[in-house]
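Subject: Structure handover

Hi,

Here is the structure I promised to pass on to you. Could you load it and follow along with the notes below?

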Amino acid sequence: MVPDNRILRRARAELAYFSGAFRLRERETGGAGVILRFARVRPAHRGRFQPLRSHEITPAFLDRTIRALKRWRYDIVGIDEVCRRAVTMPERRRFVCLTFDGATKDIVTHAYPVLARHGVPFTLYLPTAFPDGVGVAWWLVLEDIIARESRINLVIDGRDRHFAVSSLSDKYELFEFLSGWLRQLPPSELVYAVNDLGRRYSADATQLSRDASLDWADLAKLAADPNVTFGSATVNYPALSSVKDAAAQREMAMGKAVAESALRRPVKHFAYPFGDREAFARPDVVMAEETGFASAVSTISGVVEAQGRTNLYALPRIAWDGRVRSLRIMRVLLSGIMFAPVRPTRSARDAIS
């Protein structure tokens, strides 16, 4: 079932497109440009239970998007150029920056051939535990187990919990519930919980995570392309709100240091893991600046304003919903008409109330 608010958002976007309102207000609402956020890029696959479908696009859709951006006369730029345009006077043409989270294997196998063919810059944010082979993609483990099982038992907050998931709607509901619970756990507790689930239901969390993730050899191939910019997304990819400040700062600093050492280049940009308002707070924004990053991106929707009106350590991104394949919707979102104005801030210390 599609949530009512998603239906309403799509209806509003369609109305803005066909009425022409997005064109009339684009100069007012569009800012300097937009950062797009994608995760997985792979061919469409069959399966009734696809709880992560919203985080996936196909290579064909990526190709269509890039062609449309060129046709719409957007400047496709890297994150360094985003930072420059965010603090200078507005330019005649607006920009779009393509960013990818998660360091999944399909970035090399499916996304990069499309990006390289078009010769466009893009930014890849790395959680360094994953190319090291020790990261835990708990969302994939959860998807695998819930897809196979009709009853699931596990320990939550010290209590045995039992869930019957015989119907498809039950499976989606449980995935949402357990995702919210796991996201709140500190990394050590999260790893224990996921491994416990794996032992109970014959899911190899380590192997699932390794199979889905880029390794350092893959990243070395990407590093040879000057159009690729690497950013950091911590080591273990925890929601920073789930860890204490000292642990959050350690995750930021170590992720940056490991990536710089392995890639032999400065890593100046950061992405908050998950990136929504529940995943990080003002102290994390301050830490990103103090750690030495030049910018930090969220998944809070919005446009990037010029003349310093958007904080470089709380940059908004449009996290594209892969269930939507309409370029009309893309065009409306790029206009900025669907988003509330970003409150101007002078520094990281003023961002994210």
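Helix 3 (residues 59-71) and helix 5 (residues 106-118) pack at an angle of about 25°, with their axes 9 Å apart, and are therefore roughly parallel to each other. Helices here are DSSP runs of H or I with at least four residues, strands are runs of E with at least two, and both are numbered from the N terminus. The axes are lines fitted to C-alpha atoms, for helices over the stretch in contact, and the angles run from 0 to 180 degrees between N-to-C directions. Angles under 35 degrees count as roughly parallel, over 145 as roughly antiparallel, 65 to 115 as roughly perpendicular and the rest as oblique. The crossing of helix 3 and helix 5 is right-handed (a crossing is right-handed if the near helix is turned clockwise from the far one by less than a right angle, and left-handed if anticlockwise). On the helix 3 side the contact (heavy atoms within 4.5 Å) is made by Pro 59, Leu 62, Asp 63, Ile 66, Arg 67 and Lys 70. Helix 5 contributes His 110, Ala 111, Val 114, Leu 115, Arg 117 and His 118.

A word on the source: this is a predicted model, in which local features need pLDDT of at least 70 and side-chain atom pairs count only at pLDDT 80 or more, while totals for chains, interfaces and linings use all residues. Residues are numbered from 1 along each chain as its sequence is written, and side-chain values use heavy atoms, with hydrogens and water left out.

Next, helix 11. Helix 11 covers residues 245-263, 19 residues in total, and reaches 27 Å from its first C-alpha to its last, close to the 27 Å expected at 1.5 Å a residue (the expected span is 1.5 Å times one less than the number of residues). Its buried residues are Ala 247, Ala 248, Glu 251, Met 252, Gly 255, Lys 256, Ala 259 and Leu 263. Buried means under 20% relative accessible area, exposed over 50% and partly exposed in between, with a 1.4 Å probe and protein chains only. Seen down the axis, these buried residues fall within an arc of 165°, so they line one face of helix 11; the arc is that of the directions from the helix axis to the C-beta atoms. On the other side of helix 11, Ala 246 and Ser 261 are exposed. Among the elements covering the buried residues of helix 11 are strand 6 (122-126), helix 8 (187-200) and helix 12 (282-290).

Helix 11 and helix 12 pack at an angle of about 40°, with their axes 10 Å apart. That makes helix 11 oblique to helix 12. Here the contact involves Asp 245, Ala 248, Gln 249 and Met 252 of helix 11, and Pro 283, Asp 284, Met 287, Ala 288 and Glu 290 of helix 12. Helix 11 passes helix 12 in a right-handed crossing.

In helix 9 (205-212), the buried residues are Ala 205, Ser 209 and Ala 212. They cover an arc of only 70° around the axis, which puts them on the same side of helix 9. These residues pack against helix 6 (138-148) and helix 8.

Finally, some backbone angles to look at. Most residues other than glycine have a negative phi. Asp 157, in the loop between strand 7 (151-156) and strand 8 (159-164), has a positive phi near 55° and is exposed, with a relative accessible area of 69%. Ser 202, in the loop between helix 8 and helix 9, also has a positive phi near 55° and is exposed at 68%.

Best wishes
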